[in-house]
Amino acid sequence: MKLRRIVDKILGQAVIILMGTLVLDVLWQVASRYVFQDPSSFTDELAGFLLIWVGLLGAAWAAGMKHHLAIDLLAQKLSPARRRYLDILINLLVMLFALSAMVIGGIWLVYTRFYLGQTSAAMQIPIGYVYLVVPLSGFFIIYFSIDEIVRLVRNPNADNI
């Protein structure tokens, strides 16, 4: 549980910092365009990159905090024991998706962007750094799913909702 609290705090703080940076970037973009009549060349691209990072890390954080969207019509009709099995199955499926699509696919995406030497147009940074958040978020989601499965197995009588 101690590691879980540390991961939750670090991930939450990272999302807050990225979101704050995104807000400041967009404010500067608007100010430079309309107040100073001299639009900044990189702010639009930086805002897009920050939005990708905020979205994916925020989704991983929401999954870990169980704030994600869920349809629980089936779970409400099941007994607590069967609900626990359903929750374990759901977490296993989430892990499978995160591993296959986000981690394996994300590593391939990052590798190919670095291999091809793609850089962003305005900021001239390697695009691989932008997409590095995909496997990183996948690892976080896998960690949260494993932690939830361990919790469900150790505490079979705990409230699973």
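Trainee: In this predicted model, is Lys 66 buried, partly exposed or exposed?

Mentor: Lys 66 sits in the loop between H2 and helix H3 (73–77). Buried requires under 20% relative accessible area and exposed requires over 50%. The relative accessible area of Lys 66 is 41%, so the residue counts as partly exposed.

Trainee: What is the phi of Lys 66, the residue that follows H2?

Mentor: Lys 66 comes after H2 in the chain. Its phi is positive, in a residue other than glycine. The value is near 60°.

Trainee: Which class of exposure applies to Gln 37?

Mentor: Gln 37 is placed in the loop between H1 and H2. Gln 37 also has a positive phi, near 55°, although the residue is not glycine. With over 50% relative accessible area as the cut-off for exposed, the 61% of Gln 37 makes this residue exposed.

Trainee: How many nonpolar residues does the contact of H1 with H2 have?

Mentor: H1 passes H2 in a left-handed crossing. The residues of this contact include 6 polar and 4 charged ones. The nonpolar residues number 16.

Trainee: What span does H2 reach from its first C-alpha to its last?

Mentor: H2 has 22 residues, and at 1.5 Å a residue the expected span is 32 Å.

Trainee: Which residues of H6 make the contact with H1?

Mentor: Helix H1 (residues 2–35) and helix H6 (residues 133–154) pack at an angle of about 150°, with axes 12 Å apart. H1 passes H6 in a left-handed crossing. On the H1 side the contact is made by Leu 3, Arg 4, Val 7, Asp 8 and Leu 11. On the H6 side the residues are Phe 140, Tyr 143, Phe 144 and Asp 147.

Trainee: How many charged residues does the contact of H1 with H6 have?

Mentor: By class, this contact has 6 nonpolar residues and no polar ones. The charged residues of the contact number 3.

Trainee: Is Asn 91 buried or exposed?

Mentor: Asn 91 belongs to helix H4 (residues 80–116). Beyond its neighbours within four places in sequence, Asn 91 is in contact with Ser 145, Glu 148, Ile 149 and Leu 152. Its relative accessible area is 14%, and since buried means under 20%, Asn 91 is buried.

Trainee: What distance separates the C-alpha atoms of Ala 101 and Pro 135?

Mentor: Ala 101 lies in helix H4 and is partly exposed, with a relative accessible area of 37%. Along the chain, Ala 101 and Pro 135 are 34 residues apart. Their C-alpha atoms are separated by 8.7 Å.

Notes. Residues numbered from 1 in each chain as written. Predicted model: local features only at pLDDT ≥ 70, side-chain atom pairs only at ≥ 80, totals over all residues. Heavy atoms only, no water. Axes fitted to C-alpha atoms, helices over the stretch in contact; angles between N-to-C directions. Helix = DSSP H or I, 4+ residues; strand = E, 2+ residues; numbered from the N terminus. Left-handed = near helix turned anticlockwise from the far one by under 90°. Contact = heavy atoms within 4.5 Å. Nonpolar A, V, L, I, M, F, W, Y, C, P; charged D, E, K, R; others polar. Expected span 1.5 Å × (residues − 1). Buried < 20%, exposed > 50% of the residue type's maximum accessible area, 1.4 Å probe, protein only.
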